[in-house]
Amino acid sequence: MAAVVALGFFVALELAARHYGLPGPLTTQARELIGPPKSGPMLYAGLALMMVVLTWRQRFVVTGAAVGIDLAFAVVRWIFDVKVTHGHPFGNGALWVLLGCAVFAVTRRTGRERVLLLKGVGLGLLLVAGRKTGDTWLLITAKSRPEVLDPYLANADHALGNPSWIMGRIVTATGAIGFNFLDTIYGQLAVAAVVVALYQLRNVAAERRFPRHHLVRTFLLIGLLGPAIYMIFPVVGPVFAYGTGTDHWASIALWSPQIPSDGHWAVANLWPQTPPPISAPHSIPFDDVTPRNCMPSLHTAWATAIFIHSRRGPRLLRSAGTFWLIATLCATLGFGYHYGVDLVAGVVFTLTIEAGLRSFDRGWDRSGLRLTAYGATVFVALLVSYRFLPVRMAEYPWLAGPLLLLAMASVIYGYVRTVARWEPATAPVRQPQPQPELL
């Protein structure tokens, strides 16, 4: 049933993309069977997720097959002098092996072993397809929403002290080193999620079953629901609406793709030096290329999910989860991709989804359902206030700012308190009683 629903969603998104003259997720994924993949590391991350159901011997065989296929593709491209100008020169092998394992499961496995292997393949393919789905969603937002609501968030952001302008000046001052360090972390968020997920799924091969709840579920659901909010509240971000857009970082970026200049669409060249003045907001026209992917900040949402799911791991994993969250927050603000109010909404968005998933796993637990309803209410209240009260928020920052942070903190507190009730209490270790010595 889940496979049928997912396939139906991908087909619907494919048709919607074709309506705007764009390739959909199925088309772009099929092209990567032969052409250079957009993200080779993502394909190998999907393969790594699939391998949690395999034995160590099978993992070595599968990895060797993927690398061998990639080497064959490299030789063919070298013979025919095919230049890889976009994407990565590797990753095709991982995709071919994923599909091959699906065929092997259907033709050579039976019963529970077939289901387990198909679940592993599905998990890997969903991670890859999720990335393609997100890319298609972003293109559709740019084509279908010609006007953006950045002036509303720019006003509301005064309540938080315009953090994007502050972090933008800091990151700009660090130059190429600071920018590219954060850009690497920002761009490889999915790989960090796979590391946490692999730890959570480390016992699948031995137990022959998946745990009830893990990070990949939350990650995929965030990516599925988030773009729907983009369509309701289209925003491009400070560097685009109030800066020079892609030109701001073009001279020092090492990994960012070459994107056409969009600075002439900005209201004014203010970011990151001068916060915009408080004024009556209105929607503004923007190009049909830049994604409307700010409200809520899904990078913040994903980084928050990584942080939450790393809490049960060893110290190194917990430290990495904390580091990735802090670095992602700095990047989203410092690059000018988000306003501060986007981050507040992103945190509430993630905790609401996490609460809903965990409530479902516990048979629709009442305390979890209350938390989910409360988180959804707070999230809607945030969107309504950003849309209809931004000037009041800017005029009374001493009131609106603490209220925003208090609303977010209340959801965090509710989540921590509810989840703490669900966690089994650790029984104290009984100390052995001293025994009398025999004489």
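Q: In which helix is isoleucine 79 found?
A: Isoleucine 79 is found in helix α4, residues 56-79. Helices here are DSSP runs of H or I with at least four residues, strands are runs of E with at least two, and both are numbered from the N terminus. The model is a predicted one, in which local features need pLDDT of at least 70, side-chain atom pairs count only at pLDDT 80 or more, and totals for chains, interfaces and linings use all residues. Residues are numbered from 1 along each chain as its sequence is written, and side-chain values use heavy atoms, with hydrogens and water left out.

Q: Which residues form the nonpolar patch on the surface?
A: Val75, Val76, Trp78, Ile79, Phe80 and Val82 form the patch, with about 690 Å² of accessible area together. Patch residues have over 30% relative accessible area and no salt bridge; nonpolar side chains (Val, Leu, Ile, Met, Phe, Trp, Tyr) are joined within 5 Å and like charges within 9 Å. The areas come from the Shrake-Rupley method with a 1.4 Å probe, and for residues only the protein chains shown count as cover.

Q: What makes the contact of lysine 132 and glutamate 32 a salt bridge?
A: The distance from N to O is 2.4 Å. A salt bridge requires a side-chain nitrogen of Lys or Arg within 4 Å of a carboxyl oxygen of Asp or Glu, so the pair qualifies. Lysine 132 lies in helix α6 (residues 111-144) and glutamate 32 in the loop between α2 (25-31) and α3 (40-50), so the bridge ties together parts that are 100 residues apart in sequence. Lysine 132 is buried at 7% relative accessible area, and glutamate 32 is buried at 6%. The structure holds 14 salt bridges.

Q: How do you know which parts of the chain glutamate 113 and arginine 208 link?
A: Their closest N and O atoms are 2.6 Å apart in a salt bridge. Glutamate 113 is in helix α6 and arginine 208 in the loop between α10 (204-207) and α11 (215-232), 95 residues apart. Glutamate 113 is partly exposed at 32%, and arginine 208 is partly exposed at 24%.

Q: What lines the largest cavity?
A: The lining consists of Glu32, Lys38, Ser39, Met42, Leu43, Val128, Arg131, Lys132 and Asp135. A cavity is a set of points, on a 1 Å grid over the protein atoms alone, where a 1.4 Å probe fits but cannot get out, and lining residues have an atom within 4 Å of a point. The space amounts to about 50 Å³. Lys38, Arg131 and Asp135 are also linked in a network of salt bridges.

Q: How many nonpolar, polar and charged residues are in the lining of the second largest cavity?
A: The lining has nine nonpolar, no polar and no charged residues. Ala, Val, Leu, Ile, Met, Phe, Trp, Tyr, Cys and Pro count as nonpolar, Asp, Glu, Lys and Arg as charged, and the others, Gly among them, as polar.

How values were computed. Buried means under 20% relative accessible area, exposed over 50%, partly exposed in between (1.4 Å probe, protein chains only). On a 1 Å grid over the protein atoms alone, a cavity is a set of points where a 1.4 Å probe fits but cannot get out, and a pocket is an open set with protein on both sides within 12 Å along at least five of seven lines; lining residues have an atom within 4 Å of a point. Grid points are joined across faces, edges and corners, and a volume is the space filled by probe spheres set on the points.
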